[in-house]
Amino acid sequence: MTPSRRNKDRSDEPSLIAAERKAAERRMQAQRKHRLLRIGQVLMLVGSIVAIVHVLAHLQMLGGEPSGTVDLVAGYPMAALLFVAGGIVAGQ
């Protein structure tokens, strides 16, 4: 190999390393985005389940009417909060 060819090969190495680093960063960003999407979807599912259980409790299918405190804290407000928080996380 000629000296100029060796120098050219060496100059390509840093760009290859930079390209690999950029690809790894993109892959990590995609994994983070996918993780946040799944976490958001789980929060939305939990919010939906809380709302359904609360409706069933009001219909007295689960053994009786919820108390006032449970109705204010763990009922529709908690379901809405979980659902909205899940939507925000999933949208990141």
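These are my notebook entries on a predicted model of one protein chain.

**Entry 1: the overall layout**

I began by listing the secondary structure. I got 3 helices and 0 strands for the protein chain. Read from the N terminus, the order is α-α-α. Next I looked up how much of the chain is buried: it is 10% of the 92 residues. The chain exposes about 7200 Å², and carbon and sulfur atoms supply 65% of that area. I also checked the contacts between residues at least 6 apart in sequence, and 65% of them join residues at least 24 apart.

**Entry 2: helix α3**

I went to α3, which covers residues 76–90 and has 15 residues. From its first C-alpha to its last I get 21 Å, close to the 21 Å expected at 1.5 Å a residue. Which residues of α3 are buried? I found A79, L82 and G86. They sit on the same side of α3, because the arc they cover around the axis is only 70 degrees. A reminder to myself: an α-helix has 3.6 residues a turn, so residues three or four places apart point the same way. Then I turned to the face of α3 that points away from its buried side. There I noted the exposed residues L81, V84 and I88.

**Entry 3: a nonpolar patch**

I looked over the surface for nonpolar side chains and found a patch formed by V55, L59, M61 and Y76. Together these residues have about 420 Å² of accessible area. V55 lies in helix α1, which runs over residues 3–58. Is V55 buried or partly exposed? I put V55 down as partly exposed, because its relative accessible area is 35%, and buried would need under 20%.

**Entry 4: L36 and the chain end**

I returned to α1 for L36, which is also placed in that helix. What does L36 touch, leaving out residues up to four places away in sequence? My list has V89, A90 and Q92.

**Entry 5: D71 in α2**

My last stop was helix α2, residues 68–73, where I looked up D71. D71 counts as partly exposed, because its relative accessible area is 27%. I then took the C-alpha to C-alpha distance from D71 to A57 and got 9.8 Å. In sequence, D71 and A57 are 14 residues apart.

Note on methods:
Residues are numbered from 1 along each chain as its sequence is written. This is a predicted model: local features need pLDDT of at least 70, side-chain atom pairs count only at pLDDT 80 or more; totals for chains, interfaces and linings use all residues. Side-chain values use heavy atoms; hydrogens and water are left out. Helices (H or I, at least four residues) and strands (E, at least two) are DSSP runs, numbered from the N terminus. The expected span of a helix is 1.5 Å times one less than its number of residues. Buried means under 20% relative accessible area, exposed over 50%, partly exposed in between (1.4 Å probe, protein chains only). The arc is that of the directions from the helix axis to the C-beta atoms. Patches are made of residues with over 30% relative accessible area and no salt bridge: like charges are joined within 9 Å, nonpolar side chains (Val, Leu, Ile, Met, Phe, Trp, Tyr) within 5 Å. Accessible areas come from the Shrake-Rupley method with a 1.4 Å probe; for residues, only the protein chains shown count as cover. A salt bridge is a side-chain nitrogen of Lys or Arg within 4 Å of a carboxyl oxygen of Asp or Glu. Contact means heavy atoms within 4.5 Å.
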